[in-house]
Amino acid sequence: MAQVSQAVSQVQRIVRAVRDVVGPSAGPQLLHGPHLAGNELTYLKECIDTAWVSMGSFVNRFEHELQKLTGAARAIATVNGTAALHLAMRLAGVEADDEVLVPSLTFVATANAVNYCHAAVHLCDIERRTLGMDPQKLNDHLSSIAVRTDGVLRNRQTQRRISAIVPMHTFGHPADLDGLCDVAGRWGLPIIEDAAESLGSEYRSRHTGSFGRLGVLSFNGNKIVTTGGGGAILTSDQALAERAEHLASTAKVAHPWEFLHDEIGYNYRMPNLNAALGCAQLEQLPEFLILKRRLAAKYIEAFEGLDDIEVLVEPAHCRSNYWLNTLILGDGALDAHDRILAALNGAKLQSRPVWRPMHELPMFAANPRMDLSATEDMARRIINVPSSAALGAEA
Ligand SMILES: *Cc1c(COP(=O)(O)O)cnc(C)c1O
């Protein structure tokens, strides 16, 4: 009995701490809602008044702003982040029957994109402190399963070619990019960064998504900057950028009136309407980052006195966008995981567990993998709490 009532009060203390952060009189909270308080309507009206809704100058302007922000020489805006991932993998040379190294702890789009290339995910473990791919473990794993024959790196067990590493910056916190670039260099593999969640996040003062041969961003409605739906490919390789543009626009050869397509392409370009929204949103990103970091500080303070629970902080040498604030349950709170989620959601404070790890999903259950003990352990501990930028406003 005593234990049950103690557990109940622990759950209630957590709900109270989140309530303190969002404000006692605040209404229902989304996990992450958009903040549309700038030039969104003005720019959208310009698209409508000029009838430039599909193609148009906002796309170029949005791409230019992304280049300035990220330091990537080129940004190519796409219909969504998943399409950007698919295209980035093709451009990095992922081919049918390859294996691609992907963290098991990610949003399903990372793994799906590998399969769109008819390749297979090879699932990797994470580090507890970053929730990103563990470079040391990856290197050890490759040492035990990979073999290079005739210049091709293969999985000895499946005989398939291993063709890329796709780290993901979980909840906006940069993965260990020094470590991962090191491993990638050692094994001669390209990195494609899934930076869908980390717009505005920096690793050693350099923007995430600009370390790999290619990087991918998302501007879905729940991300820090939204275009409604949208994504982008980042690269500093001009030839890859040209190819990305070409493939994303049905591989159409430039001509004043002819329809000539020189290979099978995709219809992946971002429409002007979405880019207009994106331009207005990017103007506000510096303010969003201040609000998000202030919100994270509020969570850290609110949970300081609570036993068996921690708020995830940005890794060393990083500046995180704190896209989603993350509670990490200690051993004494593990049993309460589902009750905490029920209580927070019951109090209209939208909260979520982390994604079910990829190796636990039916379509990837039989895929090759390394030891995933950190993934499995952390998946039971994570709870994401309301993180909209507006919540970082000073009281
Ligand atoms: C949001 C997201 C994507 C891409 O999502 P879209 O909705 O297609 O823009 C990819 N990977 C991760 C980790 C994401 O969070």
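Two strands pair if DSSP finds at least two bridges between them. The model I am reading is a predicted one.

**Entry 1: β7 and β10**
I started with β7 and strand β10, residues 214–218. They pair in the parallel sense, over 3 bridges. I then looked for the residue facing D194. Across from D194 stands V216 in β10.

**Entry 2: the sheet around them**
Next I asked which order the strands of this open sheet take. The order is β1-β11-β10-β7, 4 strands with mixed pairing. I noted the edges as β1 (74–78) and β7 (192–194), each of which pairs on one side only. I also looked up the turn between neighbouring strands of this sheet. On average it is 20°, direction ignored.

**Entry 3: a helix on the sheet**
Which strands does α8 touch? Packed on the sheet, α8 touches β1, β10 and β11 (231–235). I compared directions too: that of α8 makes about 15° with that of β1.

**Entry 4: α4 against α8**
I stayed with α8, residues 238–248, and turned to helix α4, residues 81–92. Two packed helices are described by the angle between their axes and the distance between the axes. Here the axes come within 10 Å and cross at roughly 130°. I recorded the handedness of the crossing as right-handed.

Which residues meet there? From α4 I listed L87, R90 and L91. From α8 I listed L240, R243, A244, L247 and A248. I sorted this contact by class: 6 residues are nonpolar, 2 are charged, and no polar residue takes part.

I moved on to strand β4, residues 146–149, and strand β5, residues 152–155. Is their pairing parallel or antiparallel? It is antiparallel, over 4 bridges. A146 stands opposite N155 in β5. I checked the turn of the hairpin, which has 2 residues between the strands. In this hairpin D150 takes a positive phi near 50°.

**Entry 5: the whole chain**
I finished with the overall counts. The protein chain has 11 helices and 16 strands. Its radius of gyration is 22 Å, close to the 21 Å that the globule rule gives for 395 residues, so the chain is as compact as a globular protein of that length. I also took the span of the C-alpha trace along its principal axes, about 75 × 60 × 35 Å.

Terms used: Residues numbered from 1 in each chain as written. Predicted model: local features only at pLDDT ≥ 70, side-chain atom pairs only at ≥ 80, totals over all residues. Heavy atoms only, no water. Axes fitted to C-alpha atoms, helices over the stretch in contact; angles between N-to-C directions. Left-handed = near helix turned anticlockwise from the far one by under 90°. Contact = heavy atoms within 4.5 Å. Nonpolar A, V, L, I, M, F, W, Y, C, P; charged D, E, K, R; others polar. Rg over C-alpha atoms; globule rule 2.2 N^0.38 Å.
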